[in-house]
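Student: I have a structure open and would like to work through it with you. Can we take it step by step?

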Amino acid sequence: MEKTILKTDNVQKYYGNKGVVTKAIDNISFEIGAPAIPLALDGGLR
């Protein structure tokens, strides 16, 4: 079983001004497991 490092559920971000609302992010969920982290950091440090 993979260890979960980061998990988000139903993230939403809205911007609005005077009655006009823009959905930037609407109900996004994701999960990052432990094996994915070293690969991402190793590629970014070179």
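**Tyrosine 15 and its surroundings**

Tutor: Start with tyrosine 15. Neighbours within four places in sequence aside, tyrosine 15 is in contact with Val20, Val21, Thr22 and Ala24. Keep in mind that this is a predicted model.

Student: Is tyrosine 15 buried or exposed?

Tutor: Use the cut-off: exposed means over 50% relative accessible area. Tyrosine 15 has a relative accessible area of 51%. So tyrosine 15 counts as exposed.

Student: How far is the C-alpha atom of tyrosine 15 from that of isoleucine 25?

Tutor: Along the chain, tyrosine 15 and isoleucine 25 are ten residues apart.

Student: Which residue has its charged end over the ring of tyrosine 15?

Tutor: The charged end lies 4.9 Å from the centre of the ring of tyrosine 15. A charge over a ring must be within 6 Å of the centre. The residue is lysine 13.

Student: Which residues does lysine 13 touch, leaving out those up to four places away in sequence?

Tutor: Lysine 13 lies in strand 1. Its relative accessible area is 39%, so lysine 13 is partly exposed. With those sequence neighbours left out, lysine 13 touches Thr22, Lys23, Ala24 and Ile25.

**The strands**

Student: What order do the elements of the protein follow from the N terminus on?

Tutor: Count the elements before ordering them. The protein has one helix and two strands. From the N terminus on, the order is β-β-α.

Student: How many bridges join strand 1 to strand 2?

Tutor: Strand 2 covers residues 20-33. The two strands run antiparallel. One of the pairings is lysine 7 with its bridge partner in strand 2, glutamate 31. The number of bridges joining strand 1 to strand 2 is eleven.

Student: Which residue takes a positive phi in the hairpin of strand 1 and strand 2?

Tutor: This hairpin has two residues between the strands. The phi in question is near 55°. The residue is lysine 18.

Student: What is the phi of asparagine 27?

Tutor: Asparagine 27 is found in strand 2. Asparagine 10, in strand 1, has a positive phi near 55°. Asparagine 27 also has a positive phi, though it is a residue other than glycine. Its value is near 60°.

**Charges and surface**

Student: Which residue forms a salt bridge with aspartate 26?

Tutor: The structure holds one salt bridge. Its closest N and O atoms are 3.6 Å apart, and the cut-off is 4 Å. Aspartate 26 is partly exposed, with a relative accessible area of 35%. Its partner is lysine 23.

Student: Is lysine 23 buried or exposed?

Tutor: Exposed means over 50%. Lysine 23 has 53% relative accessibility. So lysine 23 counts as exposed.

Student: What percentage of the residues in the protein is buried?

Tutor: Buried means under 20% relative accessible area. The protein has 46 residues, and it exposes about 4,200 Å². Buried residues make up 4%.

How values were computed:
Residues numbered from 1 in each chain as written. Predicted model: local features only at pLDDT ≥ 70, side-chain atom pairs only at ≥ 80, totals over all residues. Heavy atoms only, no water. Helix = DSSP H or I, 4+ residues; strand = E, 2+ residues; numbered from the N terminus. Buried < 20%, exposed > 50% of the residue type's maximum accessible area, 1.4 Å probe, protein only. Areas by Shrake-Rupley, 256 points an atom, 1.4 Å probe, with all protein chains shown as cover. Lys NZ or Arg CZ within 6 Å of the ring centre and 35° of its normal. Contact = heavy atoms within 4.5 Å. Pairing = 2+ DSSP bridges. Salt bridge = Lys/Arg side-chain N within 4 Å of Asp/Glu carboxyl O.
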